[in-house]
Amino acid sequence: MADAAGSGTRTARRVLVAADKFKGSLTAVEVAERVTAGLRRVVPDLVIEALPVADGGDGTVAAAVAAGFERREVRVAGPLGAEVTAAYALRGDTAVVEMAEASGLQRLPAGVFAPLTASTYGSGELLRAALDAGARSIVFGVGGSATTDGGAGMLAALGARFVTADGEPVTPGGGGLAELASADLSGLDPRLASVRLVLASDVDNPLTGPKGAAAVYGPQKGASPQDVETLDAALARLVKVLEEAVGPEAAAYAEAPGAGAAGGIGYGALLLGAGFRPGIEVMLDVLGFAPALERADLVITGEGSLDEQTLHGKAPVGVAAAARAANKEVVAVCGRLALPPQVLGRAGIRRAYALTDLEPDVARCIAEAGPILERTAGRIARDFLV
């Protein structure tokens, strides 16, 4: 446990649980359930509001559904072309689409990577399904991708054409873009022109270069050093061809923050006119965080690992920033804690409680995350609520 400023206040009586998933252990909904159960064991009459959150990556649709959106399912192409059942969320004319539902690493067979051939085509089909359902505003959460195709597959599903010098469609995936000779975006679904599309991501990388999609994230998707070179050159080829097709803005978008998100699908979204915003900020707006925050005395946030990455746009820091602006106290739960108290304090987190405080065996923490999290929530209740 790390405390940024002394002992608990012991004054809170209404708690907002706004935590992300513990990846590999608990969904955000399950985190909220376990924290609620642990708090109520100590303070049975406590008023608790649960608002599972996500930062645009995997779990974003689930968070929207937990907040009252309707879950819609559709059959789309997975990253290797085989059909999968993917979900998006809809409330009124607002849709939340999560690219990982169609094109994420979770859609690959266990132990299988396809850095050169995985495609975002299914993500385009998900966007089209949201349009068919009447969406006029789409939050496009990107992260957890199996792909590095610059969004070419997504654009193809929405009506764009990418062909080789022989006039044949390029093969799926980032590797196929090396053979790209021309592109035609005139066939894009006309409904896209009148839809508000928001690119929600915690990644602000450009598309290409040493900080680009292939170099930074390709290895996580199974790309060898040679694959990274191939993919980066292929993405540069995509930009060059699109510059010839649509003008200099294609090159400008490649350098824009978020272009390199999720294997470059951010670039494709920017070409569609999307506005880039940090994923957690977008999701807090969509989920109705502000009114829930106003009702709370204490906010509990968290994710599986509170570490250096957390500080770069992840959900707990987004929640803490909003809470601090509203003068609300924040504590965090996590599986593993790798941030010192002073850093937590600067991020707006009063104290962090790690599962490893109670169970030093990491493997057991992962396997028994739910019960240990309940015990951890009991500690928060005794420190802040009794």
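Predicted model: local features only at pLDDT ≥ 70, side-chain atom pairs only at ≥ 80, totals over all residues.
Residues count from 1 along each chain as its sequence is written, and side-chain values use heavy atoms, with hydrogens and water left out. Local features need pLDDT of at least 70 and side-chain atom pairs 80 or more, while totals for chains, interfaces and linings use all residues.

**Exercise 1.** Find which residues touch the most other members of the largest nonpolar core.

*Solution.* Start with the term: a nonpolar core is a set of buried Ala, Val, Leu, Ile, Met, Phe, Trp, Tyr and Cys residues joined through side-chain atoms within 4.5 Å, where buried means under 20% relative accessible area (1.4 Å probe, protein chains only). The largest one has 55 residues, and I138, F140, F162, L242 and Y267 touch the most other members. Next, see where they come from: helix 9 (residues 261–271) gives the largest share, 7 residues; helices are DSSP runs of H or I, at least four residues, numbered from the N terminus. Now zoom in on Y267: leaving out residues up to four places away in sequence, its contacts (heavy atoms within 4.5 Å) include L207, L238, L242 and Y253. Finally, a second, separate core holds 41 residues, among them L51 and V330.

**Exercise 2.** Work out which residues are closest to the centre of the largest pocket.

*Solution.* A pocket is an open set of points on a 1 Å grid over the protein atoms alone, where a 1.4 Å probe fits, with protein on both sides within 12 Å along at least five of seven lines; lining residues have an atom within 4 Å of a point. Of the 46 lining residues here, K23, D55, D202, Q309 and K314 are the closest to the centre.

Notes
Buried < 20%, exposed > 50% of the residue type's maximum accessible area, 1.4 Å probe, protein only. Helix = DSSP H or I, 4+ residues; strand = E, 2+ residues; numbered from the N terminus.
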